[in-house]
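This report describes the overall build of one protein chain and two local packing arrangements within it.

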Amino acid sequence: MSIDQELFTGAFEAEQLANAARDDLDTLTALAMPETFEFGWPRILQGVWLWLLQEVSKVRDFSNMALGLPRGFGKTTLVKLFILYCILFTDRKFILVMSATATHAENIIRDVFSMLNEGNIKSLFGDWSVGKVFDRNDCKMFGFRGRNIIVAGIGAGGSVRGLNLGNARPDVMIFEDVQTREDADSQKVSTDLYNWMLGTAMKAKSPKGCMTLFIANMYPTPHSILKKLKSNKFWTKFICGGILEDGTSLWEELQPIKQLLTEYLRDAESGHPEIFHAEVLNDENASLNNLVDFSRLRHYPYQDNDIPGGKFIVIDPATDKANADAVSVGYFEVHGHSEPALIEVTEGRLSPKDTIKEALRMCAAHNCYLVVIEANSYQYTLKWWSEEICRMLGIVGITFVDIYSGKLSKNSRILNMFKSYQKGEIWVHPKCRSQVHAQMAAFNPLKTDNVDGILDLLTYAPRVF
C-alpha cells in the first residue's frame, strides 16, 4: 500500500470514528474518558441522551428541559459529555454552566476540557487550545471547529446581567445541581434561587435561541425546584428513579439492585427512608417526616352539597415585618360526629386590614357568621379591629371570638393534630389538600421556625367547639 493510500485509509477510519462518536454515546464516552469508561450506558439514559441531542439541534428554539436523574447514576458525567458534544458537533457558540457554587461549575468546565485534551479527541477533532483567546477557570474563549466558542461557569445567584462576551449571549444554559439539599430546606432561600433562575439567569439568553437544561434530583421538601418544574406545563420533563417499575436497577452494572435495596434498608433503619425515596427514587411525595402516612389517609367522605352542622373561620395572624410568618385564614365546616373539615384556605403576607377583608369575604361566600382569631399577646387587637370595621361598614350578625394557644408548645400541638388527621378526626377538602400536605411534609418537629400557619389552623379547629 502506498503512503497516499495509507493516509486515505487512515483519514477514512478517523472520519468513521468521529461519526460514531457523534451518533453513539458509548463511543463518545470511550474516546473522551478512556481511563474511566467501564460500563456501557443503560438503555434509558441512552434515550435521555437522544432527547438532549434532538433538542439542541433545533434552530431558533427556546426549549426548557427538566431532567431528574437519581444521585449516583452518572448525572454530572452525562452533563459533561453533553457539553463536549455541543462543542464538537453543534453550531452552539456560548455554553453557560450554573451550579450551586462557582467552584462546582468550574470543576465541570475543567473536566470538559480534560476531555478535549484527551489524545483521542485531539487526534480526531483537533487541538482546541490552538485558537484560544483566553483561558480562565471560570471562562474559556477559543476558535474551534469553524466558530468562536465560549464556555463559562458561575455559581447560583451569581451575576449574569449583561453577560455578553465576544458580542454573544448564552445559547445553551445548564443548571446542574444548582439547588443544594440545605437550600431546599429553606422556603426563602429556595424562592430567591428560583426567582434568580427564572428572572435573572434565563433572561440573559441569546435572542436567537437558547436551550435551557435543568438537571437535578428531588429533595424531600415542598421547596424542591425540580418538584416545581415537574408541574410547570412550559417545561418538558423526564424524571426517573434508580429502581424501575419492574423492580430492576436503572443501571445494574453501576448500581446493582441488591446494593440499592441494602442502601434503602440502611436509610430506613436510621429513621430517614425519605432520603432514599427523594434522592434515589426521585419521589416527589417523599416527606421530611413520617408522622403522617399520606398513602393510608382515607378519601374525603363528604360532598360539596352536604349541609354542614356548623361553619366557622379561623385566623392565624402575623406581624407585617419583613421576616414575619405568613397570615393564614381558613374556612371550616362541621360534618359527621363534630369533625371539622378545612374547605378553603388563604395564606400570604396580608396586612391586618387585608386579613379582615379576606375573613369577611369568606363569611359572605360561605354564609358563615363565626370568626375565631388567635389572640396571643398583641394579636388580640385584630379582634377589636374586626368588630370596629364591621361597625363602620354596617355589617351585623358576625361574631368574632378569641382563642389562645394554651400551655402546649406549637410543635406539640401540631404533632397531636397529625395523629387526629391520620385517624380521620379532622378532614381537609381535596381542593386545599396540596397546600396542607406540603406543610405537613416539610414540618420538622426539631425546628421552631417551620412554615406552619395552615397547620396551626387545624390545631385550633377542634377547640372551637
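Helices (H or I, at least four residues) and strands (E, at least two) are DSSP runs, numbered from the N terminus, and two strands pair if DSSP finds at least two bridges between them. The model is predicted: local features need pLDDT of at least 70, side-chain atom pairs count only at pLDDT 80 or more, and totals for chains, interfaces and linings use all residues. Residues are numbered from 1 along each chain as its sequence is written, and side-chain values use heavy atoms, without hydrogens and water.

E3 and E4 form a hairpin with three residues between them. Their pairing is antiparallel and runs over three bridges; within it, Phe-134 lies opposite Met-141 of E4.

The elements discussed here have the following limits.

| Element | Residues |
|---|---|
| Strand E3 | residues 132-135 |
| Strand E4 | residues 139-144 |
| Helix H12 | residues 352-366 |
| Helix H13 | residues 380-393 |

The axes of H12 and H13 (lines fitted to C-alpha atoms over the stretch in contact, with angles from 0 to 180 degrees between N-to-C directions) come within 10 Å and cross at roughly 65°. In contact (heavy atoms within 4.5 Å) are Pro-352, Thr-355, Ile-356 and Leu-360 of H12 with Leu-382, Trp-385, Ser-386, Ile-389 and Cys-390 of H13.

The chain as a whole holds 16 helices and 14 strands, and its C-alpha trace spans about 105 × 50 × 40 Å along the principal axes.
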